[in-house]
Amino acid sequence: MATLAQREARRFHLFVSPWLLGFILFTAGPIIAAIVISFMEWNLLKAPQWVGLANYERMFGDPEFWESIENTVQYGVGYVALGVTFTFVMALLLNQPLRFQGLFRTVMYMPSVVSGLATALLWLNILHPDYGLINKVLATVGITGPGWLASQEWAIPALVLMAVWGAGNTIVIYLAGLQGIPKSLYEAAEIDGAGWWRRFWSVTVPMMSPVIFFNVVTGFIGALQGYVLILAMTEGGPGNATMVLGLYIYRHAFVYFDMGYAAALSWAMFAIIIAVTAIQFALARRWVHYEFK
Amino acid sequence: MDMNRRRMLALAVAAASMPVIAACGGDTRQQKQAAAPVKTGIQTIDPNRPGNDTWPFEEAEKLYNSLQWPKSDVADPAAKVTITIASTSDVIAEVRNMQFDYFFKKRHPNIEIKRETSTFDGFLTKYMAQAAGGSLPDVMYNHYSWTQNFISNNIVAPLEDFIARSPDFARDDLPKAGLAYFERGGKLYGLPTDMAPKLLFFNKDIFDKAGLKYPDETWTFEKMIETAKKLKSGSGATKIFGFSPTPKPAPDLSTVFLMPYGGRFLSPDETQVQINSPEAVKTLGMWLDLLLKDGVTPSLAEELLLEKVDPWKSGHAAMHINGAWIMTELAKQKAFKWGATHVPKGPQGRFSPAVGSALVITEASQQKEAAWLYIYEYLSSSGYQFRRISAPARQSAWLPNAEALGIPAETAELVKEILADYATSDGVLRLPATKKAVDTAKPIWERAMLGKIDVKAALDEIAAKVGPLLAENKIA
């Protein structure tokens with residue numbers, strides 16, 4: 001007869017097996033397959049052919065690949081810098097004990113639940129150089145707005161602006177973090193004579209640093225992988241100005257059906273994400289404060 | 001976060017309402033056929049008597065019975081078989097297809113039809129994946145630029161044997177130029193679902209307001225450009241473009257815009273780039289001047305939004321070159337009066353691309369004979385007349401369909417004349433590197449449209465970058 005420990009172990013394996021099976025079939029399997037495919041030439045219609053490192057050699061010599069990396073980094077840095085700052089400020093404001101606080105929070109979260117394509121259509125109109133809301137508002141104060149999505153210089157900033165608008169999830173995470181800061185810390189700081197800025201800088205920011213770090217890491221990963229809205233709005237244009245790596249991979253995989261090269265590009269993206277995340281973790285030791293270690 | 005019940009409820013209500021708001025801007029999804037009555041957008045369709053307000057069942061039955069259906073020596077299956085048909089469609093056309101399938105099954109009781117519909121944008125991805133998985137349908141839609149790749153990879157079956165056994169096939173009823181996309185080595189691999197040349201469309205209201213004569217067959221591109229300059233007016237939301245859109249690298253750029261001046265995007269065998277030849281540079285320079293110096297065609301910024309609200313369709317463009325298939329929509333709209341004529345000519349003559357799509361039978365199909373019987377009838381003259389499409393590949397269906405759709409008879413005659421006289425597939429890109437060549441050229445051309453690079457430099461850069469991609473076009 002099985003012991004209690006054995007029965008528990010059996011139940012554990014039974015309950016965890018659906019997830020494990022799903023992980024092996026739909027995540028680990030494709031990841032391993034992508035490694036193998038990256039060493040092959042495969043157009044989906046013919047049997048794959050082994051080409052060794054040819055796809056990787058092609059990638060390093062492909063100017064559009066480097067261009068897409070540059071665009072991706074610009075978008076990622078812009079999104080994280082503006083997104084983290086803006087959402088943090090919004091969370092601070094939404095954390096104030098005001099009337100209609102719940103309504104404000106709901107309104108700020110709403111963009112996150114709007115479908116992606118509806119967002120794209122909305123922002124295509126808002127950012128339109130001639131008829132768009134932003135340029136119309138700028139015109140009222142005598143500023144000629146830029147071409148936004150039609151301008152090679154302003155297309156990435158425009159996409160960053162749009163992405164930040166839909167960052168309600170990040171605000172929710174910040175709000176949860178803000179409400180987890182013990183009130184006693186603020187009271188102690190106040191007794192010590194700290195003003196609002198000192199309380200913010202010496203209590204709120206250090207206590208929130210793990211949350212900020214989380215949002216920076218996940219924000220960067222999301223920004224480096226993102227391409228769907230860019231595909232819907234600019235298709236990588238004008239003049240490849242918004243051709244980010246995710247879109248470049250999508251194009252090679254599902255437009256040109258160049259699966260081997262797309263797999264090699266995907267591994268490049270994976271390497272970049274790992275490298276950026278590793279750097280962030282290394283730097284985190286200097287500024288992220290964990291209350292309990 | 002401290003969230004009480006009231007706040008939670010507020011958030012839940014907001015979240016629940018968003019899909020409704022979002023649905024207003026969403027796309028129209030295809031509805032699959034089912035045994036039980038299905039909803040197609042608005043109305044419930046009864047599979048035993050398919051029809052709706054647009055396509056009443058009684059009308060369909062009457063029309064079907066009035067048409068002569070072609071005969072074939074290809075035998076019906078002795079036992080029940082099911083064929084899968086994968087097509088691009090919209091909800092409205094799908095009802096007509098259901099009706100066709102209903103009557104077809106009455107004539108061929110042993111053939112069951114399973115229909116799969118996908119949007120055009122997702123079609124190729126879906127079926128390429130299915131090809132990799134070895135599960136292609138029996139009959140499949142093919143855009144003209146896909147078939148040669150499928151032929152070279154043995155994905156589609158030749159139709160010659162079936163054609164030989166079908167005395168009513170009437171090959172002469174199909175425009176020869178339009179079949180080239182689906183032919184290889186003297187064999188035909190696809191039957192066209194539609195086929196039309198491009199025409200010069202014009203907004204009569206804008207011409208009347210300016211007191212100018214409508215375009216006619218004597219027009220040259222120079223005459224069209226000079227007139228376009230005169231017709232440009234206004235700014236912002238009230239702007240009228242003389243011509244729309246600005247020409248750009250596209251599969252039929254050569255045929256419409258370059259060949260009249262002796263230029264080409266790619267060589268006829270699509271293995272060399274010729275877009276930086278003096279003829280092409282001069283021609284595209286003329287169009288770039290029209291955009292950058294005269295503002296007669298939409299700029300990149302203007303096209304950004306206008307892509308969603310076509311200036312021609314919204315009455316903001318005086319002239320427009322497009323396929324004859326847009327006539328169905330034009331015939332229905334009342335916003336402006338329109339006309340159509342031959343595309344203008346250049347020093348080397350007049351060219352119009354005959355383009356269309358096809359249905360193919362896949363090589364992997366186990367029911368090729370049943371599949372043939374289906375496409376043979378569906379794409380016969382009677383099949384086109386039953387489906388009432390505006391650009392039938394069968395020439396005998398043009399006039400009856402034009403009459404049924406409210407397209408002026410003279411315009412339908414014009415289309416038939418163009419298809420018979422000078423419509424061509426020459427210059428229309430169709431080999432495997434087409435998409436890569438166009439996508440590579442497009443961002444470079446966009447920089448030229450933004451005025452960041454001159455026309456010669458842009459076309460030289462396109463030639464340098466597109467050239468190496470054309471190795472893919474050396475297919476067997």
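Me: What makes Arg251(A) and Asp439(B) a salt bridge?

Reply: First, a caution: this is a predicted model. In it, the side chains of Arg251(A) and Asp439(B) come to 3.8 Å, N to O. The rule finds 3 salt bridges across the interface of chain A and chain B.

Me: How many residue pairs are in polar contact between the chains?

Reply: The count between chain A and chain B is 4 residue pairs, both residues at pLDDT 80 or more.

Me: Which helices of chain A supply the side that touches chain B?

Reply: α4 (101-109), α5 (116-126), α8 (168-179), α11 (228-233) and α12 (245-254) of chain A each supply at least two residues. α4(A) gives the most, with 5 residues. By class, this side of chain A has 24 nonpolar, 12 polar and 8 charged residues.

Me: What is the extent of the contact, in residues and in area?

Reply: Chain A contributes 44 residues and chain B contributes 38 residues. The buried area is about 3,600 Å², and carbon and sulfur atoms give 66% of that. On the chain A side, Leu45(A), Tyr131(A) and Tyr256(A) lose the most area to chain B, together 18% of what that side buries.

Me: How do you know that the bond from Gly237(A) to Pro238(A) is cis?

Reply: By its omega, which is near -5°. Pro238(A) lies in the loop between α11 and α12 of chain A. Chain B has a cis bond too, from Ser244(B) to Pro245(B), with omega near -5°. Pro245(B) is in the loop between β10 (241-244) and α10 (253-258) of chain B.

Me: What confidence does the predictor give?

Reply: For the complex, an ipTM of 0.82 and a pTM of 0.85. Chain B averages a pLDDT of 88, with 89% of the residues at 70 or above. Over residues 1-40 of chain B, however, the pLDDT is below 50.

How values were computed: Residues numbered from 1 in each chain as written. Chains lettered and ligands numbered in written order. Heavy atoms only, no water. Contact = heavy atoms within 4.5 Å. Buried area = accessible area lost by both parts, 1.4 Å probe. Salt bridge = Lys/Arg side-chain N within 4 Å of Asp/Glu carboxyl O. Polar contact = N/O pair within 3.5 Å; in protein donor to acceptor, adjacent residues only side chain to side chain. Helix = DSSP H or I, 4+ residues; strand = E, 2+ residues; numbered from the N terminus. Nonpolar A, V, L, I, M, F, W, Y, C, P; charged D, E, K, R; others polar. pLDDT = per-residue confidence, 0-100.
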